[in-house]
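Subject: The structure, and what turned up in it

Hello,

Here is the structure I promised to pass on. Please open it alongside this email, and my notes follow below.

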Amino acid sequence: MATPVPSDPHQPLRDDVRLLGRLLGDTLRTTAGDDLYEAVECVRALAKGARQGDRGDLASLETTLSEMTLPTARDVARAFAHFLTLANIAEQHHRVRRKRDYARRSGPPQRASFADGIARLLGTDIAPTAVLAGICDLRVEVVFTAHPTEVVRRTLRQLHRRIANLLAEQDRTDLTSDEHQEIVTGLRREITAAWLTDEVQHQRPTPIDEVKWGLVFFEQTVWDAVPRAVRHLDTALRAATDLALPNEIAPVTFGSWIGGDRDGNPNVTPDVTRRACLLARWMAADLYLHEVTALRAELSMRSASDELRALVGDEPEPYRALLRTLCDRLRSTRDAVETSLEGRDPGPSDIRPLWDASELAETLRVCHRSLEATGAGIVAQGRLLDLMRRVAAFGLTLVRLDLRQESGRHTAAIDAISIAMGDGSFAHRDEAARLEFLLRHLEDDGRHIRSTIEEASFTGDVMDVLDTFRVAASVPDGSLGAYVISMAAEPSDILAVELLQLVAGVDPPLRVVPLFETVGDLQGAAAAMSRLLDIPWYAKRIAKRQEVMLGYSDSAKDGGRLASSWELYQAQEALVAVCKSRGVHLTLFHGRGGSVGRGGGPTHLAIQSQPPGSIDGSLRVTEQGEMIESKFGLPGIADRTLEVYITAALEATLAPGDDPAPQWRARMDELADRSRERFRATVYERPEFLEYFASATPVDELADLNIGSRPARRPGKTGVTGLRAIPWVFAWTQTRLMLPGWLGVGDALGASIGAGHLEELQQMYREWPFFQSTLDLIEMVLAKTSPTITARYIERLVAPERQAIGEELETRRADTAATLLTVTEHTELIEDNPVLRRSIDVRNPYVDPINIVQVELLRRLRNQGEDASLVEAIAITVNGIAAGMRNTG
């Protein structure tokens with residue numbers, strides 16, 4: 001039933017934040033005493049005054065915080081960090097609340113909802129049957145990756161989820177006074193527990209810890225969100241077209257890199273990968289066992305089809321009899337996997353484990369057909385149909401694990417083998433000679449390579465590569481997805497992996513996916529793939545399907561956000577053309593980070609701004625670290641995330657936009673070149689910049705915190721080049737300068753405006769989705785900057801002779817913001833997103849004190865040397881600022 005739109009739809013959010021803040025204040029008083037509470041209130045008042053422009057309050061705020069003892073400063077920072085985390089929880093819940101408001105009211109559906117997407121497609125004269133076919137053919141895969149700057153402990157994540165659940169309970173309109181009070185008491189209890197829980201990880205998480213962390217999301221939200229999303233999609237399609245979805249459809253599936261991504265992480269060993277596969281399979285068996293047990297309890301009917309009766313005989317409850325066997329097999333599967341995880345051979349079992357998803361699917365189909373045939377079709381459309389759709393999406397592995405390794409490691413392994421064969425060095429050959437070697441051995445089934453590996457002795461990195469492929473050959477079928485090659489540049493990089501998996505006996509072989517990351521590699525990607533696809537052996541191997549991954553992080557660190565965006569756009573166009581000309585279906589795998597500086601941003605906007613034709617029914621995309629929590633942490637948020645992915649990919653497939661005008665492409669070439677030139681002149685060609693970066697940000701201190709299993713730097717590399725893109729972005733986010741997201745943009749736009757192209761730029765912004773989304777995201781980055789706070793880092797941490805760099809960067813930041821407003825014709829940053837604008841304005845007075853405390857702690861640590869108490873306090877400020885900025889790297 002439709003309900004009226006509330007006069008102020010965001011008042012409930014304000015009420016939630018106010019309640020949570022009051023309960024946090026009560027907790028501080030109860031657990032830490034009035035002194036801390038009064039110190040926090042004093043700092044809060046000064047921070048608000050400073051934000052309103054009172055320079056006296058700003059000076060008092062700095063003095064107050066700098067004069068605090070370390071324990072007091074740490075606890076004040078903790079208090080503000082906890083408030084920001086609570087505000088985040090309230091905002092996440094409010095997103096769910098607003099989605100429900102849209103569903104209840106009359107009027108236009110929510111943007112990017114299933115109803116909205118289908119209506120817009122039908123409005124462009126796309127036939128209903130074409131919409132149905134597009135949904136049936138859609139293949140979106142979301143790939144979870146571990147995050148070197150994932151800062152919140154899993155223990156606290158679970159507490160935060162319980163707080164969100166209580167906020168949802170509080171929204172019930174039929175609560176009694178006692179029930180409401182119980183909810184408030186529950187919130188007080190959880191907030192107290194969170195305050196008394198250590199938020200700092202004292203040991204660096206292992207890759208297996210990260211695997212378990214990732215699987216929690218499947219258990220708590222994704223497992224239920226997937227069939228729920230398909231059900232909602234079916235409802236929207238029926239309402240708009242009278243057409244229905246097939247029973248077993250999986251428009252969204254899931255992959256993972258957690259436990260398989262060994263690029264630059266020596267902690268991800270072959271055994272870690274083996275255990276990651278087994279842990280996922282154990283959870284899948286456990287989840288299916290619970291679900292089939294519940295289904296068995298529901299299906300108490302006596303009537304059954306002849307097909308089902310043939311399987312169970314004269315059992316009085318035929319469905320339960322059939323499903324009892326299925327439960328036994330799932331239990332046996334779980335036990336066998338558990339035995340393998342303990343390092344023991346499961347051996348034979350009295351009850352055969354279930355290793356083939358098709359057996360599970362067929363058993364469920366038999367039940368479904370029987371219910372339909374005996375007049376119980378409505379029962380078949382409930383839990384049973386959801387379970388069938390889970391099998392279609394998750395199989396028996398829950399999530400398929402990708403393997404990733406850097407191309408040079410494969411070259412080194414082939415080199416060692418070729419030398420052991422007496423065939424000379426592989427690494428020292430040119431590309432043509434490498435291809436000749438690889439194809440010769442691929443075409444003879446790798447016999448000579450295999451015998452050499454069996455007879456020779458290899459150690460170190462070479463053995464690690466060979467053992468990884470042995471594990472890939474040994475894990476149960478369906479456990480693995482793709483093999484991704486970092487820093488791929490030439491066809492030989494792909495064929496080297498093909499040869500290594502062939503000789504290891506990986507059958508069926510994994511998809512081999514080149515990852516083009518740097519600007520140079522992106523520019524050469526189409527040519528490299530053209531040469532590869534023209535090799536007859538390879539063309540036969542891929543059977544007209546190719547996947548290519550594009551790296552957003554390293555390309556942005558290489559040439560800046562604007563240049564990176566354009567290089568990625570052009571690379572996609574060129575790759576689509578190369579594959580289309582050869583009749584090969586291309587799936588693009590987008591390695592997007594959480595922050596704008598690493599390719600992040602709103603999902604629907606990102607997908608809609610891709611080149612026309614680049615999303616042709618299939619899409620893979622990474623979700624990293626804190627973005628997994630942000631998008632899949634709550635059931636309602638997970639529902640919305642899947643809805644947006646499906647809707648955006650479907651629209652991009654069925655109604656791709658127009659190609660940009662030639663003159664706009666030329667203008668974009670100029671902007672990208674100018675932006676890259678200015679970015680690199682600052683970051684790479686200015687010798688003193690690296691020293692400035694190290695002193696003005698906590699980048700070196702971040703490397704010592706226990707916030708990820710992967711090292712912050714690539715082995716053997718120094719400077720900005722060797723620093724991974726995630727800590728590069730994270731460090732600038734902490735100081736509120738957000739430099740990777742905007743540096744070079746203002747220079748490029750300013751030069752173009754100066755050359756008389758303002759009207760053209762404004763038209764490009766209004767009419768070209770790619771250009772509009774790029775500038776909108778940069779505008780969002782600039783809205784999160786805080787020059788007053790950044791200045792504190794410069795003044796207190798940077799040597800006087802280097803401070804001019806910081807002053808220059810601030811001038812360029814301000815110029816970039818002003819230039820961007822001129823092009824977008826906005827009067828203030830993110831004026832089109834008042835909800836985000838208000839969120840930033842509300843958070844600033846709470847983030848500012850944490851920054852000022854961090855500056856003081858960094859100053860003390862650098863003056864005093866290593867101090868465990870200081871390092872722990874800095875970790876607390878890192879958590880708090882990350883919570884306030886709503887992203888890390």
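The model is predicted, so local features need pLDDT of at least 70 and side-chain atom pairs count only at pLDDT 80 or more, while totals for chains, interfaces and linings use all residues. Residues are numbered from 1 along each chain as its sequence is written, and side-chain values use heavy atoms, with hydrogens and water left out.

**Around serine 113**

Serine 113 sits in the loop between helix 4 (70-104) and helix 5 (114-123). Helices (H or I, at least four residues) and strands (E, at least two) are DSSP runs, numbered from the N terminus. The serine 113 side chain reaches the backbone oxygen of glutamine 110 at 2.7 Å. Setting aside neighbours within four places in sequence, serine 113 is in contact (heavy atoms within 4.5 Å) with Arg640, Glu643 and Thr647.

How many of the residues of strand 8 are buried? The strand is mostly covered, with 7 of its 7 residues buried. Ser618, Arg620, Thr622 and Gln624 point one way from strand 8, while Leu619, Val621 and Glu623 point the other way. In a regular strand the side chains alternate between the two faces of the sheet.

**Salt bridges**

A search of the whole structure finds 80 salt bridges, each being a side-chain nitrogen of Lys or Arg within 4 Å of a carboxyl oxygen of Asp or Glu. One of them joins the side chains of glutamate 141 and arginine 620, at 2.9 Å from N to O. That pair links distant parts of the chain: glutamate 141 is in strand 1 (residues 139-145) and arginine 620 in strand 8 (residues 618-624), 479 residues apart. Both ends are covered, since glutamate 141 is buried with a relative accessible area of 13% and arginine 620 counts as buried at 3% relative accessibility.

Another salt bridge brings together the side chains of arginine 172 and glutamate 169, at 3.4 Å from N to O. Arginine 172 counts as partly exposed at 35% relative accessibility, and glutamate 169 counts as partly exposed at 37%.

Glutamate 498 forms a salt bridge with arginine 541, and their closest N and O atoms are 2.9 Å apart. Glutamate 498 lies in helix 19 (residues 491-504) and arginine 541 in helix 21 (residues 536-542), so the pair ties together parts that are 43 residues apart in sequence. Glutamate 498 counts as buried at 3% relative accessibility, whereas arginine 541 is partly exposed with a relative accessible area of 24%. There is also a network: salt bridges that share partners join Glu141, Asp402, Arg511, Glu547 and Arg620.

**Helix 6**

Which residues of helix 6 (residues 128-137) are buried? They are Val131, Leu132, Gly134 and Ile135. Seen down the helix axis, these buried residues fall within an arc of 160°, so they line one face of helix 6; the arc is that of the directions from the helix axis to the C-beta atoms. Thr129 and Asp137 are exposed residues on the face turned away from the buried side. What covers the buried residues of helix 6 includes helix 5, helix 9 (207-241) and helix 26 (635-654).

**Cysteines**

How many disulfides does a search of the whole structure find? It finds 0, a disulfide being a pair of cysteine sulfur atoms within 2.5 Å. For cysteine 367, the nearest cysteine sulfur belongs to cysteine 327 and is 11 Å away. Cysteine 367 is buried, with a relative accessible area of 0%, and cysteine 277 is buried too, at 5%.

Best wishes

Key: Buried means under 20% relative accessible area, exposed over 50%, partly exposed in between (1.4 Å probe, protein chains only). A polar contact is a pair of N or O atoms within 3.5 Å; within protein, one must be able to donate a hydrogen and the other to accept it, and residues adjacent in sequence count only if both atoms are side-chain atoms.
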